[in-house]
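Let's work through a pair of exercises together. Have a look at the model first, then try each task before reading its solution.

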Amino acid sequence: MNMHYSSAGGAHRDNLAKGETLLQVDNISLSFGGVKAIQDVSFDIKKGEIRAIIGPNGAGKTSMLNVINGFYHPQEGTITFRGKERRRMRPHVAAQQGISRTFQNIALFKGMSVLDNIMTGRMTLQKRNMLWHALWHGPAQMEELEHRAAVEKIIDFLEIEAIRKTPSGRLPYGLQKRVELGRALAAEPALLLLDEPMAGMNLEEKEDMSRFILDVNHQFGTTIALIEHDMGVVMDLSDRVMVLDYGRKIGDGTPDDVRKNRDVIDAYLGVSHDD
Amino acid sequence: MFYREAGDFKTSYAADQQTFPIKSERWLFWAFIAIAFLVVPFFINDYWNKAVLMPLLIYAMAALGLNILTGYCGQVSLGTGGFMAVGAYACYKLMTAFPGMDMFSVVILSGFITAGVGLLFGIPSLRIKGFYLAVATLAAQFFLVWMFNKFAWFYNYSASGQITAPERTVFGIAVTGPSTTPWATYLFALTFVFVFGWVARNLTRGRLGRSWMAIRDMDIAAEIIGVSPLRAKLSAFGVSSFYIGMAGAMFFANYLGAIEVTEAFGIEKSFLVLFMVIIGGLGSILGSFLGAVFLVLLPVLLKNIMVGYLGWATDLAAHVQIMLIGGLIVFFLIAEPHGLAQLWRVTKEKLRLWPFPY
Ligand SMILES: Nc1ncnc2c1ncn2[C@@H]1O[C@H](COP(=O)(O)OP(=O)(O)OP(=O)(O)O)[C@@H](O)[C@H]1O
Ligand SMILES: [Mg+2]
């Protein structure tokens, strides 16, 4: 691997040491009309770890990511990111603060090439305004070239050199997932949210993706929150696991703890709830 | 195999970013530009200027503007005619209020004024999308035309309700008014289209262009990865209106010389420019030009064939022409949504492989 971030957490440098709390979620409740998607959930994400969020379908995992990056606004609870309690914010502000993500249903920009998709990931790092861009030659071009070089490193890292000019809508599913990871990485995030990055992949593709995730975490120290249904993958990759069921947290701990947890086993085996 | 890119390797990202990465294409482009600037002015006559070249250049400018908004940023607009009217009236007011101002500045300032109005009408796009936005821009179209008719201040209380461009010069040569020459108006418009065509290419190739396309392709994902929808949409509305305003100013001052707003900038203008963008290619600078060339030349050509050569009645020819253009639009929407620009790209790919199909 020959990709170098400027530091752990890339462009979003902070003073946190590995193992300190990066994100703290307290007593979050979120509902849509009558549907209680999340009920009074608290947990934290430590800097440098891979934090898995698991649970049956409809448990509220995606909703939790949406809350973290400001797309959903919970009715109750607080979120503290890098020591600052966050007020209600728009998703692009969360992105500027260093939270980037991939989506459960691929959300690439289909009309744009792979290169442009990943370049778009660096949106928050580029500063030149419209007037410079109108002139192009000079500062705007220099900035573009600088970011192009960074993006080429990501392209090498993900081994997608051959498709950089291909419109992303034309790619097979597995590659689209990989490009989406590239776009999220391009932001050099402090916190990377991955929503089922391996869903629908075959074994080989899953192995590749697992390797990429581990490399990102080990080499750049990027903190990762990962939603995944494949238990094998979760147990292998993650440092700590949180389990949601019907919007409630029913387990939290190391993969081994969680595997032994009675409630978790019941939830996965579909034992009926008495409440 | 004269058209090829083998051996034309890129050794830097800068070379890879070029507008025309292939050498032969680059030469073709500059030869074309040289002919347009250095040869055409010597052969131009009034018919070619009025029937073909001026409308072609001015519509290309308007199509560039609409393509930025609709093709790049995905915001459908039916207000092009209305925004051209803003440009025309801004131009008229500037020309009459500041007789000493040179024509370059007048057209550019008209563009900026239109950009301001465009920003205002772009605000609803932050809340509404697609069909509803199209209807809102349609309302802008009718409102603007109504406004320019209603308030006599806009046409300086002239009895006819028309606005007429006084003579203005550039480097001492008249480019508006009764004593202009075809080559002067042509070169004036060509300069604008060349410079701002290049600017449009620059704006769309970098971060700003990507923020527009991201909003177009998937607005929620765009916002989540850090594109501010407010900035992206409003900048698209502003830049787009700037171009359309300059087109309106030149349409009035350099091309027609005198206009009446309902006639010159009605809803048909909005549709005409939209059709140019669709046929030429949504989200393509080249497409904006191809669409304008196509829809300006086609009627001239058809008229010459049907009326001049086949001897049909003028109204029959006009109806056939409308049907043909309608058919073409349906064809492009269904078969090739990326328009003539895409056909050109595909042809190039084929040429590159020729004579071996695989
Ligand atoms: N925008 C929304 N409007 C209404 N209900 C929603 C919305 N988003 C999520 N929900 C509901 O919230 C609950 C949790 O959904 P969520 O998508 O977070 O589950 P999940 O754990 O990601 O499930 P899956 O494993 O199927 O992806 C579901 O009942 C879902 O229907
Ligand atoms: Mg989900």
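Below are two exercises, one on the chain interface and one on the ligand.

The model is predicted, so to speak of local features pLDDT must be at least 70, and side-chain atom pairs count only at pLDDT 80 or more, while totals for chains, interfaces and linings use all residues. Residues are numbered from 1 along each chain as its sequence is written, chains are lettered from A and ligands numbered from 1 in the order in which they are written, and side-chain values use heavy atoms, leaving out hydrogens and water.

**Exercise 1.** Describe the interface between chain B and chain A.

*Step 1.* Start with contacts (heavy atoms within 4.5 Å): 31 residues of chain B touch 39 residues of chain A.

*Step 2.* Turn to buried area, the accessible area (1.4 Å probe) that two parts lose on being put together, summed over both. The value is about 3100 Å², with 64% from carbon and sulfur atoms. B:Arg207, B:Arg210 and B:Ile224 supply 25% of what chain B buries against chain A, more than any other three residues.

*Step 3.* Look for salt bridges (a side-chain nitrogen of Lys or Arg within 4 Å of a carboxyl oxygen of Asp or Glu). There are two between the chains; one of them joins A:Glu144 and B:Arg210 at 3.1 Å, N to O.

**Exercise 2.** Find which polar atoms meet the oxygen atoms of ligand 1.

*Step 1.* Check the backbone: a polar atom of A:Gly58 is 2.8 Å from a ligand oxygen, and one of A:Gly60 is 2.9 Å from a ligand oxygen.

*Step 2.* Check side chains: an N or O atom of A:His229 lies 3.1 Å from an oxygen of ligand 1.

Terms used. A polar contact is a pair of N or O atoms within 3.5 Å; within protein, one must be able to donate a hydrogen and the other to accept it, and residues adjacent in sequence count only if both atoms are side-chain atoms.
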